[in-house]
Amino acid sequence: MLKSYTTVLLFSALSCYANAEDMSIAVGGFYSHSDSSMDVTNPALGNEFKLDFESDLELKEKQFLPFFEFKYQFSDTNHVIVDWKQLHREGVTQGVDQAFQMQIDDTVYDVKADTELSTTLNIDIARLSYGHDFYQSDDLTFGLSIGVHAMFIETGFEGSINSCNASTLVNNICTEQPIPSMVDESVTAPLPNLGIYANYNLAPGWELKTHAQYFQIKLDDVDGRLIDIKAEVEAHINGRWYMSAAFTYYQVDVDIEQDTHQDSVANHNVSYSFIGPMISVSYKF
């Protein structure tokens, strides 16, 4: 719920100050080819390994996912953008090939080999960005952007899962009663992103837009990275309606360090990347 409220508040705050003629709203989706993993521990050997959400846990590699974007142009060279991407997937595996263990806060979760497991991986990304055009001509615009974004990550497992307090883990084994499911919800602090963009008028009613954004920062116990590269062609359809087709590469990595007393329990890590086409329809007020 927190991610929904945050997005709504960002949109509402900008709408209150925007003049109607300076706003645009885009709604669309992207067909992603996803690659995601989590660092976990082999309880028998005590070594860390990557648990692959696609090959090990049967999450779909290819899926059509939605996004929304709100833009407010408050002068000839300055604008603000709020956007939101939803990366939600679920999968069921009839038997986990390898036992794994992970720790969240002070609790250790233990999944045995051959366990039937339902997995959820939901990542929502909300971004607020300011852009300034530092070069403009009749057909070409260059600009720099700076902003912040927050990631809302929900990782869930449902099945026969043992759990115990980290301090009671004996020989890498949880001896307490199984639980039916576990869910970890993590929210990153607002993290910065820097970028550059360029727009070029191809012909009347046709515009080529490109942007690249990057950040990597370590803040307290969270280490995060984002790469966002997109090239799109926007066409004027009719009146105030526009359509865009784009190709995008997007990668987010989040490492959350755990204050553990057991060296054999891995830190919590989620890596997600996708590459693929994106389409959207926008209305400019």
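Biologist: Is F285 buried, exposed or partly exposed?

Modeller: This is a predicted model, and the class of a residue in it follows from relative accessible area, where buried means under 20%, exposed means over 50%, and partly exposed lies in between. F285 has a relative accessible area of 32%, so by those cut-offs the residue is partly exposed.

Biologist: Which elements give two or more residues to the nonpolar patch on the surface?

Modeller: The patch is formed by F134, Y135, F142, L144 and I196, with about 470 Å² of accessible area together. The elements that give two or more of these residues are β7 (117-136) and β8 (140-165).

Biologist: Where is I196 placed, and what is its relative accessibility?

Modeller: I196, one of the residues of the nonpolar patch, is placed in strand β10, which covers residues 191-203. Patch members need over 30% relative accessible area, and I196 counts as partly exposed, with a relative accessibility of 43%.

Biologist: Which residues have the most contacts inside the largest nonpolar core?

Modeller: The largest nonpolar core has 34 residues, and a second, separate core of five residues includes V108, C164, A166 and C174. Leaving aside neighbours within four places in sequence, L117 is in contact with residues including L57, V96, F100, V111, F157 and I161. Inside the largest core, the residues with the most contacts are F100, L117 and F157.

Biologist: What share of the contacts in the chain with a separation of 6 or more comes from residues 24 or more positions apart?

Modeller: The chain has one helix and 14 strands, and of its 285 residues 48% count as buried. Among contacts with a separation of 6 or more, the share that residues 24 or more positions apart account for is 66%.

Key
Residues numbered from 1 in each chain as written. Predicted model: local features only at pLDDT ≥ 70, side-chain atom pairs only at ≥ 80, totals over all residues. Heavy atoms only, no water. Patch = residues over 30% accessible without salt bridge, like charges linked within 9 Å, V, L, I, M, F, W, Y side chains within 5 Å. Areas by Shrake-Rupley, 256 points an atom, 1.4 Å probe, with all protein chains shown as cover. Salt bridge = Lys/Arg side-chain N within 4 Å of Asp/Glu carboxyl O. Helix = DSSP H or I, 4+ residues; strand = E, 2+ residues; numbered from the N terminus. Buried < 20%, exposed > 50% of the residue type's maximum accessible area, 1.4 Å probe, protein only. Core = buried A, V, L, I, M, F, W, Y, C linked by side-chain atoms within 4.5 Å. Contact = heavy atoms within 4.5 Å.
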